[in-house]
Amino acid sequence: MRAERIEPARRILCVFPRYTSSFGTFEHAYPLTDGVQAFMPPQGLLLIAAYLPANWPVRFIDENIRAATKEDFEWAEAVFVSGMHIQRQQMNDICRRAHAFDLAVAIGGPSVSACPDYYPSFDYLHVGELGDATNELIERLARDPSRPDAQVALTTKERLPMTDFPVPAYELAEISRYFLGSIQYSSGCPYQCEFCDIPGLYGRNPRIKAPQQIIAELDKLRECGVTGSVYFVDDNFIGNRKAALDLLPHLIEWQKRTGYVMRLACEATLNIAKRPEILEKMREAFFITIFCGIETPDPDALKAMQKDHNMMVPILEGIHTINSYGMEVVSGIIMGLDTDKPETGDALLTFVEQSRIPLLTINLLQALPKTPLWDRLERENRLVDDDSRDSNVDFILPYDDVVDAWRRCMAIAYEPEKLFARYAYQCEYTYANRLKVPVSPEMKSWANIKRAVIMLRNIFWKVGVRGDYKRAFWKFALRRLRRGEIEWLIASSLVGHHLIVFARDASRGRQNASNYSIRLREASVPAE
Ligand code: SF4
């Protein structure tokens, strides 16, 4: 339980590292917005900030927005850092900068929890989730904030029940600078897909918060100025179906009460398509997007990676079912699987055409520590430690062929004409099925109208006038304008621009093919 006071109070500087450019962080969309600079508020660090004793001053810096300064380090008595594997270099860099001020630095989060040996320079390693290790870290810093003589590793044995989690300290973050708001209801997933580290890190029996906590968090996000989209970063929103069904009526009631100010999004397994009772309530709660790890349309590959649950309904049928409830599917795709064949790229492109999913995060397979895939490849002597490669997996097919196929898929799938055709389909057959919500005072406020005008101006000027895919854009945009579908025009243009620019870089070899940060859930960290 959070301590109200622990004397003496210590000044804690929480620093979230910069992201490496990736598919799922949408940075190419930011220049089209009214000042967005970062993807989502990091749940884990803001949770820790809220959990610290109430009398301890906390400063939070997201280095995607601004770098921690000399003044910040001089103010602090200790520094907390958190992040994912892909932020490893940046986290070690923050540690180096903090040590220049002789500050003790603690690291928590998914990366250090899976691979403590990645972080030899840190003074404190916080391994695992929020719990007894967190309390011990706080007690140690209260006793003595100076750097210990040797590294101290603290591992959570007893996790804090999620029902005791405080509301993350959203007020410390510059919420208006984020592309999306974030929130977390549950942690863990009952499945065991071979490549995934979630069950190993967070367990197979999903833990949950109380619905009232989520409502309090939504209220706080709203108070902090979030009026757009909020992403549930849960590993699998239906990991515990009963919990999802318990929460949804509260969300529906909250949306009705507040005038549907938030569009909701989440991650869930594709077998959600078999649950009309959940989909109907999600529609009523104004969920508009679901990220599904489809991974591959090849049934043999799904079987081999232990993702048979994706085949509980035919994949295309499942996608269309979800679309019929007004929710767009975003899909994760993996290439470089052992089951891949020379024709896998073509099969994938056919799937993209047929599914009409606009946003598919296509990655090369990467073996993460603490996964069954890692263990198997280690046994087979197929883990490759070579930073110049796009993956640490020794593929069955020749490496160059796999990377070439990935680049080709990126180039073709994100040709502007093809992408906007998929968005046009979504407007007609998905977005049109959404709940017709009243326009709330917040939505028609001057501030919100001004935001929309700024974004439209940027989109028309930077894409419609100065861009190099004007034809495809205007074909899509004029139809939306004629129909008054302004919100859909803005949302599709922002995301579409990022995808087109990112995919061009990728197909020219300027982006890493196994940037595992793209799964949206990972952009935010669950409780450390
Ligand atoms: S990939 Fe998704 S469904 Fe599979 S174990 Fe991970 S979180 Fe669960």
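A: Let us begin with a term: contact means heavy atoms within 4.5 Å. Please note also that this is a predicted model.

Q: What covers the buried residues of helix 1?
A: Among the elements that cover the buried residues of helix 1 are strand 1, strand 2, strand 3, helix 5 (132–143) and strand 7 (181–183). Helix 1 itself spans residues 43–51 and is mostly covered, with nine of its nine residues buried. Among them are Gln 43, Gly 44, Leu 45 and Tyr 51.

Q: In what order do the six strands form the open sheet?
A: In general, strands of a sheet pair through backbone hydrogen bonds, either parallel or antiparallel. Here the pairing is parallel, and the order is 2-1-3-4-5-6. Strand 2 (58–62) and strand 6 (152–155) are the edge strands, each pairing on one side only. From one strand to the next, the twist averages 20°.

Q: Over how many bridges do strand 1 and strand 3 pair?
A: Strand 1 (residues 12–16) and strand 3 (residues 78–82) are joined in the parallel sense over four bridges. Within this pair, Leu 13 stands opposite Val 79 in strand 3.

Q: Which strands does helix 3 lie across?
A: Helix 3 (residues 88–99) lies across strand 1, strand 3 and strand 4 (104–108), and runs at about 175° to strand 3.

Q: Is Thr 258 buried or exposed?
A: A residue counts as buried under 20% relative accessible area. Thr 258 has a relative accessible area of 7%, and is therefore buried. Thr 258 belongs to helix 8 (residues 241–258). Leaving aside neighbours within four places in sequence, Thr 258 is in contact with Arg 222, Ser 440 and Glu 442.

Note on methods:
Residues are numbered from 1 along each chain as its sequence is written. This is a predicted model: local features need pLDDT of at least 70, side-chain atom pairs count only at pLDDT 80 or more; totals for chains, interfaces and linings use all residues. Side-chain values use heavy atoms; hydrogens and water are left out. Two strands pair if DSSP finds at least two bridges between them. Helices (H or I, at least four residues) and strands (E, at least two) are DSSP runs, numbered from the N terminus. Axes are lines fitted to C-alpha atoms, for helices over the stretch in contact, and angles run from 0 to 180 degrees between N-to-C directions. Buried means under 20% relative accessible area, exposed over 50%, partly exposed in between (1.4 Å probe, protein chains only).
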